[in-house]
Amino acid sequence: MASVGIFVGLVVVVTILSKSHADRNVYPSAGVLFVHVLEREYFKGEFPPYPKAGDSSNDPITFNTNLKGYPDRPGWLRYIQRTSHSDGVLYGSPTAEHVGKPTIIEITAYNKRTFETARHNLVINIMSTEEFPLPYQAEFYIKNMNVEEMLASEVLGDFLGAVKNVWQPERLNAINITSALDRGGRVPLPINDLKEGVYVMVGADVPFSSCLREVETPQNQLRCSQEMEPVISCDKKFRAQFNIDWCKISLVDITKVVPVHRNRPDPGMGVLPDIGEYNPPSESLKSRDYLADFLITLAVPSAVALVLFIILGYSMCCRREGVIQLVHHSSIQKSSKELRSMSKSREISWPLSTLPVFHPVSGEVVPPIHPDNYETTSMPLMQTQTNLQNQIQIPQQQISGKWYS
């Protein structure tokens, strides 16, 4: 494992390596980006080798990191590992509140081939420095980078070198790195090698250069409001490697920031006040009369329903309007029954045609096809040619041209 502090053109290794299973001590500075790489090669020695000596050892290893005695890491410390075949990275920016308080991080490595684990401790001793925090801080949004790519010392060093070339400070340090996903960004589609994007905050000891101030001009602010790229003169110094969204740049002068003091209540000792001993209820419970509940639940609704039934019966049977409605309903029902009985035994005469029927081919007059001897009571309303007993057949033409009946 390796831990580095990032400065311009300088990589300082501050990890004290010791024997296996022993604690590792790192000494980051408050207000400076802290990066600690969990190397898979280092943990491979904790697991048994492959059965065959000639096979290359490429075990899938994942890491779990947490503050000792707690399920998660401190709020300022983040962790990322893309795949089980890549190294893990711990990164973050400690604050002055953590100075002098050793932070013990438990690192558990899981070997997915053998299902074995190895656990080491990382002791973070945060040191204070007089030159931090730097008064002028700028945050850049880089669209063509992922956070693990930006955490690489050579990539971050190139970016700080480009910023120093534009800003021209005496001291320039990386303060923090945040993935765009932690700021509410969307996961990019897996096409055209799209990146998540990363926010990089740097600090310097001199005011912002004129190039960085160009984004604050009214013309560039208007272009940003119209979702157009602003015109920045120094963008070409970053464009070769870093695609910066200048509309999202943030320039902060902490010397002009008014501190906000909030009066927090005293948390106290965390012990409840003494209110005496707890007195449970007695074992002998008093009997309860459910008559009132019964009357309210059943008797009252039943009485209301009975009153409504009496009122309805009186209005329908005793008053003139109700009697008329009952007689009218009875007459309608009686008429309906009479019509049904008549329809069952009705004698319907077959409708005779008032005009002669002509044969469509010969032109002869065809007599009516409704003799008087038909039983009309069993005759369906829709008559077809197949159910006529005395139907006159119409001559049809044969293939040879002769007519037949």
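Buried means under 20% relative accessible area, exposed means over 50%, and partly exposed is in between (1.4 Å probe, protein chains only). This is a predicted model, where local features need pLDDT of at least 70, side-chain atom pairs count only at pLDDT 80 or more, and totals for chains, interfaces and linings use all residues. Residues are numbered from 1 along each chain as its sequence is written, and side-chain values use heavy atoms, with hydrogens and water left out.

View A. Rings of Phe, Tyr and Trp (its six-membered ring) pair if their centres lie within 6.5 Å; planes under 30 degrees apart are stacked, over 60 edge-to-face, and the rest tilted. That rule gives 12 aromatic pairs. Phe-43 belongs to helix H1 (residues 40-44) and Phe-63 to strand E5 (residues 61-67), so their pairing ties together parts 20 residues apart in sequence. Helices (H or I, at least four residues) and strands (E, at least two) are DSSP runs, numbered from the N terminus. Phe-63 has 7% relative accessibility, so it counts as buried; Phe-43, at 0%, is buried too.

**View B. Tyr-136 with Phe-208.** This edge-to-face pair has its centres 5.7 Å apart and 80° between the planes. Tyr-136 is in strand E10 (residues 136-142), while Phe-208 is in the loop between strand E12 (198-204) and helix H4 (210-213), 72 residues apart. Both Tyr-136 and Phe-208 are buried.

**View C. An aromatic cluster.** Five names to find here: Phe-140, Phe-159, Phe-238, Phe-242 and Trp-246, forming one cluster.
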